[in-house]
Amino acid sequence: MNIEPKLQAIEQEYIEVGEKLSDPAIASNPKELQVLGKKRAQLEPVVMKYREYQAALKSIAEAKELIKSGDSELEALAREELNELEPQIENFTHDLTLLLLPQDPNDEKSVVVEIRAGTGGDEATLFAADLFRMYVRFCERQRWKIEVIDSSTNTAGIGGYKEIVFRIDSNGAYSKMKYESGVHRVQRVPVTEASGRIHTSAATVAVLPEADDVEVDIKPEDLKIDTYRSSGAGGQHVNMTDSAVRITHLPTGIVVTCQDERSQIKNRARAMSYLKTKLYDLEQQKQNSEQASERRGMIGSGDRSERIRTYNFPQNRITDHRINLTLYKLEAYLDGDLYEMIDAMLLAEQTQKLQNLEG
């Protein structure tokens, strides 16, 4: 596969984007500046690696010329340099091929995660809480910031969640979290089960790439905004003022709520951001449906109806059904050690893309 023409085209585009960014007319247009800045950031890793590759090729050519010089000392040095440089070319080619694979434009985004209890009654709400804690611990390891947008707790008072929605604020969060979308199944003896029988219950996870302001345009007349008294945690002040916000997007019927903050202004801002993310996700899902034949079976497709993972407590195992990977480290996994699974998912997705590229 000859990747040189594509690399040359990318380098040229990178140069042109840099020239536009230095144009005073662009500097006065924040939206255009943001789009070009993102484009440059996407192209830069490929261009930097390509230039390293070109420098290595140039050094190899120079070393080969020195070998012909007739100077025995220079020849020895040149051969030593060749022995060091030539094996690097294969590595450069492999790295550049991976960098040329189709990139998900959402990979660098922050995310909104929705966890909802599924089948299994109270046990499903407890499992939803376990998943939330698992992601919180993972974010702590990553030093990512988490903000709860909205939650609905189990009314039985056992600590579970019927639903919890939270935002992960970090560049690149989607690239690691996108593999979590789908149905998560748990097999264990519930704390509510006196007979000790193993039950199966489930929770669904949806990972939504956060929308940028330039990507979603919402008309004020399309919104119905209500305020109400919060029922969540936060003490007396929260429960005695109309600080919670519910926004309905009339054209689509999408409803979002936020009641985690004491301030109605902050809740409104968060709810608007959440609504933009939901609308962006709706458009993404529509595009994915139109490209269904291409995306069927894609690991990062985010099909939320698909059963993706089983957590089996008696056997201390987690199995991902998309790549048939089983890990026997359930306790560490639930404590946020997701790295081995994420790396395996990334490798499987890259392998799949390489096969598609070569096919």
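Leaving out neighbours within four places in sequence, Arg133 touches Leu334 and Asp335, where contact means heavy atoms within 4.5 Å. Keep in mind that this is a predicted model, with local features needing pLDDT of at least 70, side-chain atom pairs counted only at pLDDT 80 or more, and totals for chains, interfaces and linings using all residues. Residues are numbered from 1 along each chain as its sequence is written, and side-chain values use heavy atoms, without hydrogens and water.

**Arg133**
- Arg133 sits in helix α5, residues 121–142 (helices are DSSP runs of H or I, at least four residues, numbered from the N terminus).
- Arg133 is partly exposed, at 46% relative accessible area (buried is under 20%, exposed over 50%, partly exposed in between, with a 1.4 Å probe and protein chains only).
- From Arg133 to Leu347 there are 214 residues along the chain, and their C-alpha atoms are 26 Å apart.

**Cysteines**
- The disulfide count is zero, taking a disulfide as a pair of cysteine sulfur atoms within 2.5 Å.
- Cys139 is in no disulfide, and its nearest cysteine sulfur, on Cys258, is 17 Å away.
- Cys139 is buried, with 1% relative accessibility.
- Cys258 is buried too, at 0%.

**Helices α3 and α4**
- Helix α3 (residues 30–67) packs on helix α4 (residues 72–99) at about 155°, with the axes 8 Å apart; axes are lines fitted to C-alpha atoms over the stretch in contact, and angles run from 0 to 180 degrees between N-to-C directions.
- So α3 is roughly antiparallel to α4, a label for angles over 145 degrees.

Methods. Helix = DSSP H or I, 4+ residues; strand = E, 2+ residues; numbered from the N terminus. Parallel < 35°, antiparallel > 145°, perpendicular 65-115°, else oblique.
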